[in-house]
Amino acid sequence: MALLTTEKLKSELDVFGVPCQDDSVLDKMVEQCICNRMQADEMVGEWVAYSTTKDGLKLTIDTLEKFEHEVLNKRNKSKQSCRKEDSHNRTRDIHTLQDLIKAEEEEENLLDCYSTPAKVSQKRALTTPEHPHSKRSALLKTSPGLLLSPASFSPSATPSQKYSQRGGKGEVVVTFGAVQGTRWVGRKTPGAGIQLELLEEPEDSLRCSYKYMFQRLRDVRNVLTEKIEELGESLRSHFNIEEFSPVSLPAQDKITVLGQVCCDSNGKLNVQSVLLETGPEQGGQQVPVDLSELKEYSLFPGQVVVMEGMNTTGRKLMASKLYEGVPLPLYNSEIKMEMDEEPVNVLVACGPYTPSDSLTFDPLLDLISVIVRDRPDVCLLLGPFVDSKHEQIEKAQVTETFEAIFSRCIESIVNGTKSVDCRLVFVPSQRDINHHFIYPQPPFTLSNLSKDQAQRVTLVPDPCTLLISGVTFGLTSTDILFHMGAEEISCGAGTDRFSRILKHLLTQRSYYPLYPPAEEVNMDYEKFQTFGQMSLTPDVLIIPSELRYFIKDVAGCVCVNPGRLTKGQVGGTYSRLLIQHSSASEDGKRVSPCLAAQVVKI
């Protein structure tokens, strides 16, 4: 499915004369398109059909929510009912594929018999050239600057016209915080004296063998049980709860129960399908939950919660109170930065680094130019670098291996920023076609780096927690915002869905608290128990997503969605942060660092 943009939706709305000047409405429609796997023309067509039956309904956030409830949800149900029949037809097509190919070949041969010799000679020869890469190789030898040119690894060497004609280059679209004498240009000697280290277990242990698809259900259950017990103990001590009651035991008085939210079927969670599953200590059973008495809640599958309510029959819990989780404390740094010291400049960018209609790395080359111009101390670069969802990658329209394309990409970044001498951090993505697509994801392996290059490059897993000059950064390239946004249900918890989801990440103390995970996430639960949890609340959480970019302060953590460097065929955004100081107060307590952040169009 092609990536959607608000501009594309706006043009489709203009075709039908539907006025819309509110960016938030367009963002909501993009979110609905992604969640329902619809193209822009399909979404606008459905809306026009719906609005005309409602006497020309105006396009607002409220009407879009009604439209989603009355039209899109029903549309999804009808699609699900057809899946079984579609899978049967697909199987039948596979069985008859060889017969169809054979029939086409016979028909083509028959036509050739009645063709003139001139006509036959025009037919394209299906032979392999003797030297298929000779022109490309000669081109590379004469011009080293073509290292990232599409001519070097793709038969389609046409640059993206929409990307080259994009507007708003360098425009600041989001601003957060303030620093004395804010200056977005880095030091004269970037990276000098910068402390950068991982706070997790040694990364080499993530290179060990995985058990994905060989995991025993009992082991998965043990991981989930430990999560329930650990979070339950923190909730019990924080809210002074004496003990938790068995969830399925009939009681005439109010009881307090601990468990994990789950759905009563394989569908999407809704108000009527909420179950609470307890750990072995509370009976290990499931009970339906009635949420009608709760004035405010926000729930998703896999969430560990404490509920208070009545369960007179042992068959349904009437919840009357919901206890929210508690975030972990911040990192207590011993590093002190004086106020007169130059701030640390951090640049953050997330792939894809090519437009969707071309394999040119023009956006990446533009980013390298930004790095050379602004001279940041640290660059956090998150995948995908070779995107598995790119059309030419999916169709295998490349003339080199994916590993070779990736090596050229990294080599261009390292060599292109050599004059700046900044620190480079590479984070893999589930969409990197040349890497292990399993979660948690091990770091990249770069064996061709020289000794000088290796000193500047740090390879980290996904997810991870980094310490940069006394400030902790939580990093993940997995789109948990999109995955949880499609599953979360809420009532009276405010309209800012992003803030709710981000708070869940911090209170659940996990980079991926959703269970079961999205279909595209291949989870190894034993590794996840060690490397997918938060050991502390980071000062900055980098959480890129297909959804709209933002910078938010949630529970003392600055959460940044830098967006993606490309959005479909046009340019996207990146982010930059300034850290001024991270010092301790006179009583020894840690003072949060002064942070300023921006999201900028590439």
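Analyst: The discussion below treats a helix, then salt bridges, then a surface patch. Please note that this is a predicted model.

User: Let us begin with helix α2; how many residues does it have, and what span does it reach?

Analyst: An α-helix has 3.6 residues a turn, so residues three or four places apart point the same way. Here, helix α2 covers residues 23-35, which is 13 residues. From its first C-alpha to its last it reaches 18 Å, close to the 18 Å expected at 1.5 Å a residue.

User: Which residues of α2 are buried, and what is the phi of R37, which follows the helix?

Analyst: The buried residues of α2 include V25, L26, M29 and V30, and also the charged residues D27, K28 and E31. After the helix comes R37, with a positive phi near 55 degrees.

User: How many salt bridges are counted, and which residue pairs with K28?

Analyst: Side chains of opposite charge can pair when their charged atoms come close. The count in this model comes to 22 salt bridges. K28 meets E68 in one of them, at 4.0 Å from N to O. This pair links distant parts of the chain, since K28 lies in helix α2 and E68 in helix α4 (residues 61-113), 40 residues apart.

User: Are K28 and E68 buried or partly exposed?

Analyst: K28 counts as buried because its relative accessibility is 14%, under the 20% limit. E68, with a relative accessible area of 24%, is partly exposed.

User: Which residue forms a salt bridge with R216, and which with E324?

Analyst: R216 pairs with D219, their closest N and O atoms being 3.0 Å apart. R216 is partly exposed at 47% relative accessibility, whereas D219 is buried at 15%. E324 pairs with K503, again with the closest N and O atoms 3.0 Å apart. The latter pair joins the loop between β8 (317-323) and β9 (344-350) to helix α14 (residues 497-508), across 179 residues. Salt bridges that share partners also join D387, R431, E546, R564 and K567 into one network.

User: Where on the surface does negative charge gather, and in which helix is E226 found?

Analyst: A patch of negative charge on the surface is formed by E226, E229, E230 and E281. E226 is found in helix α8 (residues 217-238). Its relative accessibility is 43%, so E226 counts as partly exposed.

Terms used: Residues numbered from 1 in each chain as written. Predicted model: local features only at pLDDT ≥ 70, side-chain atom pairs only at ≥ 80, totals over all residues. Heavy atoms only, no water. Patch = residues over 30% accessible without salt bridge, like charges linked within 9 Å, V, L, I, M, F, W, Y side chains within 5 Å. Areas by Shrake-Rupley, 256 points an atom, 1.4 Å probe, with all protein chains shown as cover. Salt bridge = Lys/Arg side-chain N within 4 Å of Asp/Glu carboxyl O. Charge placed at Lys NZ, Arg CZ, Asp CG, Glu CD. Helix = DSSP H or I, 4+ residues; strand = E, 2+ residues; numbered from the N terminus. Buried < 20%, exposed > 50% of the residue type's maximum accessible area, 1.4 Å probe, protein only. Expected span 1.5 Å × (residues − 1).
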